[in-house]
Amino acid sequence: YLVGAPYVEIFSLKRKHYNNLIRKTVSHLNTKKVFYLPHPKENLIELKKQNLDCIKIIETSFPVELYILNQKNYPKLLASYGSTALITLKKISKKLQLINMIPNFPNSTKVNHKRLYKLNRYIKKIGIKSKKISIL
C-alpha cells in the first residue's frame with residue numbers, strides 16, 4: 001500500500017513530478033502494482049486521468065488507519081510520504097511494516113521544509129524506516 005500526499009494540490013508540485021515520484025516509489029517497493037490510498041485533499045479525478053498503471057486507487061471515506069485496520073488481511077507493507085498515519089499505525093499495530101519515503105523537492109515547490117524535517121525526524125526516532133527518493 002502507498003498513502004498519497006496532496007503535493008500537487010497544496011505544495012504546487014508539478015503533476016508530472018508527482019507521477020514520477022509514485023512510479024519511483026512503486027519501483028523501490030519491488031512490486032508491479034501498489035494499492036494507492038489518496039490523501040483526502042488529492043484531486044481524484046485528475047489523479048485517475050494520469051493512467052498510472054502501477055497503482056490501483058482505493059476510494060474510501062475512512063481515514064487510512066481505519067481502512068487498514070478494517071482489512072481482513074493486513075498489508076505486508078505500507079509506504080507513505082511523511083504521513084502522520086505512519087505514526088498512528090506504528091502505535092496501533094506491530095503487524096505492519098512501515099516505510100517513510102522522503103522526496104527531494106524541487107526549489108519551486110511550496111513545501112514547509114522545516115515542518116517536514118521535524119516530522120521525518122520524529123518518524124525515524126520512533127523506529128519507522130525512512131528512505132530518501134528522487135522526484136526528478
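Guide: Let us begin with a term needed for packing: contact means that heavy atoms lie within 4.5 Å. Please keep in mind that this is a predicted model.

Visitor: What do the buried residues of H4 pack against?

Guide: The buried residues of H4 pack against H3, E4, E5 and H5. In H4, the residues Ala85, Leu86, Ile87 and Leu89 are buried.

Visitor: What makes Ser83 a cap of H4?

Guide: A side-chain oxygen of Ser83 lies 3.0 Å from the backbone nitrogen of Ala85.

Visitor: Why is Asn100 called buried?

Guide: The relative accessibility of Asn100 is 0%. Buried means under 20%, and therefore Asn100 counts as buried. Asn100 belongs to strand E5, which covers residues 97-104.

Visitor: Which residues does Asn100 touch, leaving out those up to four places away in sequence?

Guide: Asn100 touches Ser80, Tyr81, Gly82, Leu86, Asn120, Ile123, Ile128, Lys129, Ser130 and Lys131.

Visitor: How do you know that the side chains of Asn100 and Asn120 make a polar contact?

Guide: The distance given for this contact is 2.9 Å. The cut-off for a polar contact is 3.5 Å, so the pair falls within it.

Visitor: Why is Lys32 called exposed?

Guide: Lys32 has a relative accessible area of 77%. Exposed means over 50%, and therefore the word applies to Lys32. Lys32 is found in the loop between helix H1 (15-28) and strand E2 (34-37).

Visitor: Which residues are in contact with Lys32, aside from its neighbours within four places in sequence?

Guide: Lys32 is in contact with Val26 and Cys54. Lys32 and Cys54 are 22 residues apart along the chain, yet their C-alpha atoms are separated by 6.0 Å.

Visitor: What makes E4 and E5 paired strands?

Guide: Four bridges join E4 to E5. Pairing needs at least two bridges, so E4 and E5 qualify. These two strands run parallel. Within this pairing, Asn100 in E5 is the bridge partner of Ser80.

Visitor: How do you know that E1 and E4 pair as well?

Guide: Two bridges join strand E1 (residues 2-3) to strand E4 (residues 77-80). The requirement is at least two, so E1 and E4 meet it. They also run parallel, and Val3 stands opposite Ser80 in E4.

Visitor: What makes up the lining of the largest pocket?

Guide: The largest pocket is lined by 31 residues, and Gly4, Pro6, His39, Pro40 and Ser83 lie nearest its centre. The lining divides into 18 nonpolar, nine polar and four charged residues. H5 gives the largest share, three residues. The space in this pocket is about 610 Å³.

Visitor: What is the lining of the second largest pocket?

Guide: The second largest pocket is lined by 16 residues, with Ile102, Leu116, Tyr117, Asn120 and Lys132 nearest its centre. Two or more lining residues come from each of E5, H5 and strand E6 (129-134). H5 provides the largest share, six residues. The volume of the second largest pocket is about 290 Å³.

How values were computed:
Residues are numbered from 1 along each chain as its sequence is written. This is a predicted model: local features need pLDDT of at least 70, side-chain atom pairs count only at pLDDT 80 or more; totals for chains, interfaces and linings use all residues. Side-chain values use heavy atoms; hydrogens and water are left out. Buried means under 20% relative accessible area, exposed over 50%, partly exposed in between (1.4 Å probe, protein chains only). A polar contact is a pair of N or O atoms within 3.5 Å; within protein, one must be able to donate a hydrogen and the other to accept it, and residues adjacent in sequence count only if both atoms are side-chain atoms. On a 1 Å grid over the protein atoms alone, a cavity is a set of points where a 1.4 Å probe fits but cannot get out, and a pocket is an open set with protein on both sides within 12 Å along at least five of seven lines; lining residues have an atom within 4 Å of a point. Grid points are joined across faces, edges and corners, and a volume is the space filled by probe spheres set on the points. Ala, Val, Leu, Ile, Met, Phe, Trp, Tyr, Cys and Pro count as nonpolar, Asp, Glu, Lys and Arg as charged, and the others, Gly among them, as polar.
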